[in-house]
Number of protein chains: 2
Amino acid sequence: MKADFVLTGAGRLVTCEPGLGEGPLGVIERGALAAWRGEVVWVGREADLAGEVEVAPDAVEVDARGSAVLPGLVDCHTHLVFAGDRAPEFAARLRGEPRATGGVRETVRATRATGDEDLAALALERLDRFLSWGVTTVEAKSGYGLTLEQERRLLSVAAGLRHPVDVVRTFLGAHVVPPEYDDDPEGYVTLVSEGMIPSIGQLAEFCDVWCDEGAFSVDQARRILRAARAEGLGIKVHAEQTARTGAAALAASFGAVSVDHLEHATEEDAEALGISRTVAVLLPGASLGGPYAPARTLIGRGVRVALSTDLNPGTSYSENLPLSAALGCALLRLTAEEAILGITRHAAAAIARERAIGRLARGAACDLVVLGAASEVDLVYHYGANLAAIVVKGGRVVGGAGP
Amino acid sequence: MKADFVLTGAGRLVTCEPGLGEGPLGVIERGALAAWRGEVVWVGREADLAGEVEVAPDAVEVDARGSAVLPGLVDCHTHLVFAGDRAPEFAARLRGEPRATGGVRETVRATRATGDEDLAALALERLDRFLSWGVTTVEAKSGYGLTLEQERRLLSVAAGLRHPVDVVRTFLGAHVVPPEYDDDPEGYVTLVSEGMIPSIGQLAEFCDVWCDEGAFSVDQARRILRAARAEGLGIKVHAEQTARTGAAALAASFGAVSVDHLEHATEEDAEALGISRTVAVLLPGASLGGPYAPARTLIGRGVRVALSTDLNPGTSYSENLPLSAALGCALLRLTAEEAILGITRHAAAAIARERAIGRLARGAACDLVVLGAASEVDLVYHYGANLAAIVVKGGRVVGGAGP
């Protein structure tokens, strides 16, 4: 077969496709990979490459020099598009000062007041940082507009971002109740269900709801998710973060693609999610200090666990996805292999792209990261460090600190 | 006064010298700084710079473009010089596999078997990473040699490192009992006290002991620290990490410069350390998942708290010191200001360099970091991210990702 991209010298080619190699990560030692027009066409042992692949003369050639190579990382839960600076609020909270202002509403205020171009510039800076960590696909939620026009605007800004990192869009009109509806939260639920969702069209692929104590109730979330399902949107739910309310079971009953947070989820919730095949997206950076999501219980019930930064200006301002994986090991008791699947294959599943990304196998996108390390374990062991030496997106080298 | 280095455009010049500016961090807004031959000669408002400082025509000029500027960061507790790869052990431990090999002794084995040049190359890579995070001074312990010759060799390798980051050397012969002394731990204590310490000379400035359950007893540590004091070495103690043994009180009684770890320290320990003026060095990255050191109790008793990565191949493989500060906020409940003092001024105090580094004031070294952010709070708020835009050591630009 023909190839216009070829990777050689992978000491460990971590396919995240168990059938292709050793162990849960499907590791091929002394591996190689070939792609054609941005899609992987061949993976295997480098010794077999020449006999099976015809490399075009002008092909992109990447030498991993013995390092570990992984699928491009996938961050499946971010609040990418926002404006405003909540560092002072963060510092005041740590000083124990009573909360005068702040919270999601502060970001809503600042975001509404910021023009499209400036919002895009802020989002692009964040995508640059994601890319620097080896991330090649990011999910991005709206939810700081909270009017029909503003929510559509945030999704449009996300859709217009020109960047090597792909952005997958989720509508989160039901993030919090905006101040205008303080006296009529049900009215806002009606606006989201009957006004916003039918107008989303191609602007988003998923609909998310924050269903929790202090956010939307299970009944309110159900109304919103029914409307979303009627419009053909995939379902995501922020669930069981501040209290156990039954949001996870609701998500499972809708066959949600993912249910996110889960700090207060129970064994029954895990059971329901295991049956519905909903991916659990855990966010250890957003719950530092605890309580932590019951990752081992979820895995024990067969739930696929993804990990994400939860990039947002309130509870987790970070684009460092490998650090989320390291915290998944240290705080959620995941194994290194589980944590790596959590930012590749399972993260892809959490945005309904299980075949397309998050793995290195025939038919998947040629998105990959060459580590400056011999083993994929270093990604979680050498925590906080940037090990992304070369980042490839769609068969082109787009970033990395160099080998 | 004359200057051969001048920094302008500091939106916030964070001096870490309370008397020089606002708040506990001594912040000067719209600040500037001048230095001569590597030493700060003037700090103040930029508006006053021209009237007070005569800038040499060939001076190094750095424009902070409105960003926050901090003292070069100080990592006061690292195990910098080692060889071997314990990523597989890390992964096996997470999988719950019974520990067959590994631990400090595995690193001792690998380090002893590695030549000086390779050891230095590994340490230099780590210093490069420290520098990339804005760190300009690192303390480095021996402790993976555990024979007279090997311990001297590790200190010599550390002394020979040519790198912009300064390395402050600590002798840690009493790290663990080496396998050769399994049947005679007291014999090893004698070797350390009577054989090694008198031979250290200028190779180290401090002597450290791991005094804990599973390491050296309080009585053994006392013998070692007496020998160290007799040789004029400063005292440091790894204390109360795995259990409460009285090591912190021992350190206080010796007037130790620092006592490190303290996960199991009590209120009485805090009281003793407050009286002895010993700096508490806390290592949140090494105790992820808990228990955590009682930082607020220590601070309540007037103890200065420093934060460090504890860079080592077993429990904390990271050079990301700003992340240690962020974890200090999230897990140890420090304020942003306390955490920043913990990696600047108080970290300098933990290596007996309180006047020389870790602050930006007349007479201190011209070591500083220009952040790619408007506020010093971003260093802990925007966690995991690399915000070191420009790093200056001794009045020369030596690193950083660029403004």
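Residues are numbered from 1 along each chain as written, and chains are lettered from A in written order. The model is predicted, so local features need pLDDT of at least 70 and side-chain atom pairs pLDDT 80 or more, while totals for chains and interfaces use all residues; side-chain values use heavy atoms, without hydrogens and water.

**Exercise 1. Helix H11 of chain B**

Determine how many residues of H11(B) are buried, then examine both ends of the helix.

Step 1. Take helices as DSSP runs of H or I with at least four residues, and strands as runs of E with at least two, numbered from the N terminus. H11(B) covers residues 321–332.

Step 2. Apply the burial cut-offs: buried is under 20% relative accessible area, exposed over 50%, partly exposed in between (1.4 Å probe, protein chains only). In H11(B), 12 of the 12 residues are buried, so the helix is largely enclosed by the rest of the structure. Among them are B:Leu321, B:Ser324, B:Gly328 and B:Cys329.

Step 3. Check the ends. B:Asn320 caps the N-terminal end, with a side-chain oxygen 3.0 Å from the backbone nitrogen of B:Leu323. Just after the helix, B:Arg333 has a positive phi of about 65°.

**Exercise 2. Packing of H6 and H7 in chain B**

Classify the crossing of H6(B) and H7(B).

Step 1. The axes of H6 (185–200) and H7 (218–230) come within 9 Å and cross at roughly 10°.

Step 2. Angles under 35 degrees count as roughly parallel, over 145 as roughly antiparallel, 65 to 115 as roughly perpendicular, the rest as oblique. H6(B) is therefore roughly parallel to H7(B).

Step 3. List the contact (heavy atoms within 4.5 Å). B:Val189 and B:Ile197 of H6(B) take part, as do B:Ile224 and B:Ala227 of H7(B), among others.

**Exercise 3. The chain interface**

**Exercise 4. Backbone exceptions**

Locate the cis peptide bond in chain A.

Step 1. The cis bond joins A:Gly290 and A:Pro291, with omega about 0°.

Step 2. A:Pro291 sits in the loop between strand E12 (279–282) and helix H10 (295–300).

Technical notes. A polar contact is a pair of N or O atoms within 3.5 Å; within protein, one must be able to donate a hydrogen and the other to accept it, and residues adjacent in sequence count only if both atoms are side-chain atoms. Axes are lines fitted to C-alpha atoms, for helices over the stretch in contact, and angles run from 0 to 180 degrees between N-to-C directions.
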